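Trainee: Can we go through this one together? I would like to ask things as they come up.

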Amino acid sequence: MGWKQKQILKAILVIFVIAISVASFWHSGINLGLDLAGGTHVVLEAQDTGSREVDAQTMTALNRIIERRVNQLGLSEPRIQRSGDRRLIVELPAVDNPDRAIEVIGRTAQLTFRDDDGEVLMTGEHLVDARSEYDQMYRNPVINFQLDDVGARRFQQITQAMIGEPMQIYLDDEWLYTGTVQSAISDRGQIRGFGSLEEAEEIAILLREGALPVPLSIEESRTVGPTLGQVSIDQSLRAGALGLLFVGIAMVALYKLPGLIATLTLGIYGMLVIGLLAGLQAVLTLPGIAGLILSIGMAVDANIIIFERIKEELRFGKTLRASVESGFRRAMTAIIDANITTLITALILAYFTVGTVRGFAVTLIIGIFASMFCALIITRILIDFAYDFKVLKGGHNFVGARR
Amino acid sequence: MNFDFVGNRKIWFTVSIVLIVVGILFLGIRGLNLGIDFQGGSLIEFKFDERVSLDEFRNVLAGVDLDDEGAVVQPSDQEDIYGIMLRTRALTPEESQELTAALRAEFAGVEQLRADTVWPTIGEELTWRALLALVVASLIIIVYISIRFEPKYAFAALLAVLHDVLIVVGFFALVFREINTPFVAGLLTIIGYSINDTIVIFDRIRENKKFKRHKDYKELLNASIIANLPRSINTSLTTLLCVTTIFLFGGVTIKTFMLTLLVGFFAGTYSSIFIASPFLLTIEEKIPALRSKEA
């Protein structure tokens, strides 16, 4: 392959990397974590009960019911994921009343019909539908519910025996309504006594989507309001841009043209990382930014190691071409060993941990790959270009090379 | 340049030991200012349309009766807003709603800037998992460095990491700044930085050793540290510049995190030069089992 073809091939590689990154970002965008974008993050843990131990099946059922509840609440783009053996993580975009949403989502919502002594006569497991309505005759919000065949038969028997007596309706431990049984009821019933239609609708959702098989406890909830979310994004972006700008200025001041090349490489590194984050659908959180800062530091360090090595080689009296060649070769082992050691730490963290620390580890892994690629391949190509086009010169551009 | 980094190692070790002991003393006396991520509790920050005094806020709080003697009301550290921060035991969603409703009844434009509630188990678990991960990572790193270098390099590198972690933890015990999970992320970043910084110097030692130009191990270490000095200085200058910028302009949310990095990067650069490499000579002299096979 001739000199020209090699040049063209290298240029194509660089442009290809940039293009793929931009396209990936364009296509998927970056998922910002709730700590940056605003929203609510809830960690729920399934609790064993006397009759049921939490297993994979329970978790699947919980996941399904919670997903339906969230959808019924009309929240856009919720994310629900399993975490470990008995945890669910629910992420909601910014909502008006996050506490209320958390309450509704995490509630067991077991409907019970009880007699006057509090004895449970029947549960809501046979309920097939529940709708909130404004009852015209009764002039109050109500829930009309419907039972399946088995439930209807049993309800008929129960109510038949209770005509004239009060029946209490509970949702978990919350008393909803006490009504006197007028006549035997089979498949359709009504719950009254709601303060507002909104309240009735929330409970109707819980009834309709069914009770959770086991209770959930809230382990952690974090809400970032829309105002703070926007502030965080603005400040992080501004600080990040300033940080990179100063790094660029420092690199140019220290290494002149090669410093400029390193800055360009950092720009490409930035695009590559954004492209990878978008392509892998990773979520960028505050700790994730921490991982990126470390990998930027390592990318800068890699360039500095290379340039210092080239300077040393120049001092030994080698030609520029030979110095670049051996400078890169000698820097290579240091960069690779340092990055692999950090990569080991990141991989193990990603495997063992969840949440915050995992977010850090995942972006660090992405960042390490991007930074090694940039330092060892992109910087090299750009330095070669600069050399081939005769803009890279020995002493003056590698300031400090002469003793 | 002729500076005896290795020969003067007792001085550097003493400086570090003194710093670490001071840190550990503070750690023992006062401990760390653990935030809700570790201890559990609620931290809710409210924004208002107009200035609300802490006493006005406390009055509303008293009406809600959260039954928490330890509740702390303080001004928000966010800039340019009328904000108040409340720390209490972990509140249930019902209690939190009740509080917000009571505030809305009293003040205009009440918005929750953020509301974090953590039950203690999660923070503990996170810390334990991170520690477990680090122990496993350390073991694998020992194996990796032992293969690529020699076992003694692995121990020296991990000593430097431990040094940096202790310095940073001690610093946070000393200034008693509140720490949460970002602090853990910060410590992990420092560990990565420290290993990276140290390995690059070790790489130079490994390379110089092949040339056999140096009369003894001590001279080899000194020469390698000095050869790597421009890189150490330039890298730490550049990264510290970046971190300082973000510390100053990144907003309140990431201040603690950036402070962790700032202290840690200083410690990391220092320990690579003054602890890890000189310690190689200590191992060489004191622990025959880890001595290099060829001089």
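Trainee: Does A:Thr285 count as buried or exposed, and why?
Mentor: This is a predicted model, so keep that in mind throughout. A:Thr285 counts as buried because it has 25 C-beta neighbours inside 10 Å, and the cut-off for buried is 20 or more.

Trainee: Where is A:Thr285 found?
Mentor: A:Thr285 sits in the loop between strand E13 (283–284) and helix H8 (286–315) of chain A.

Trainee: And which residues is A:Thr285 in contact with, leaving aside its neighbours within four places in sequence?
Mentor: A:Gly33, A:Asp35, A:Leu36 and A:Gly359. Also look at A:Gly355: it is 70 residues from A:Thr285 along the chain, yet their C-alpha atoms are separated by 9.8 Å.

Trainee: What about contacts across chain A as a whole?
Mentor: Take the contacts in chain A between residues at least 6 apart in sequence: 71% of them join residues at least 24 apart. Buried residues make up 44% of the 403 residues in that chain.

Trainee: Which domains does the assignment give for chain A?
Mentor: Domain 1 takes 3–36 + 225–388, and domain 2 takes 39–222. The C-alpha centres of these two domains of chain A lie 51 Å apart.

Trainee: And for chain B?
Mentor: There, domain 1 is 9–35 + 121–290 and domain 2 is 41–118. The C-alpha centres of the two domains of chain B are 40 Å apart.

Trainee: Back to chain A. How many helices and strands does its secondary structure come to?
Mentor: Ten helices and 13 strands. One of the helices is H1 (residues 3–28), with 26 residues, which reaches 38 Å from its first C-alpha to its last, close to the 38 Å expected at 1.5 Å a residue. A:Gly29 follows H1(A) and has a positive phi, near 70°.

Trainee: Now strands. How do E3 and E4 of chain A pair?
Mentor: Strand E3 (residues 79–83) and strand E4 (residues 87–92) of chain A pair in the antiparallel sense over five bridges. For example, A:Ile80 has A:Val90 in E4(A) as its bridge partner. E3(A) and E4(A) form a hairpin with three residues between them, and A:Gly84 in the turn has a positive phi of about 70°.

Trainee: Which order do the strands take in the open sheet with E7 of chain A?
Mentor: E7-E8-E11, three strands with antiparallel pairing. Strand E7 (127–135) and strand E11 (188–191) of chain A are the edges, as each pairs on one side only. The twist averages 25° from one strand to the next.

Trainee: What lies across E7 and E8 of chain A?
Mentor: Helix H6 (residues 197–209) of chain A, running at about 170° to E7(A).

Trainee: Last topic. How many residues does each chain give to the contact?
Mentor: Chain B gives 61 residues and chain A gives 59. On the chain B side, elements that give two or more residues include helix H4 (93–106) and strand E4 (111–118) of chain B. H7(B) supplies the largest share of that side, 16 residues.

Notes: Residues numbered from 1 in each chain as written. Chains lettered and ligands numbered in written order. Predicted model: local features only at pLDDT ≥ 70, side-chain atom pairs only at ≥ 80, totals over all residues. Pairing = 2+ DSSP bridges. Helix = DSSP H or I, 4+ residues; strand = E, 2+ residues; numbered from the N terminus. Expected span 1.5 Å × (residues − 1). Buried ≥ 20, exposed ≤ 12 C-beta atoms within 10 Å, placed from the backbone. Contact = placed C-beta atoms within 7 Å. Domains from an automatic or database assignment. Axes fitted to C-alpha atoms, helices over the stretch in contact; angles between N-to-C directions.
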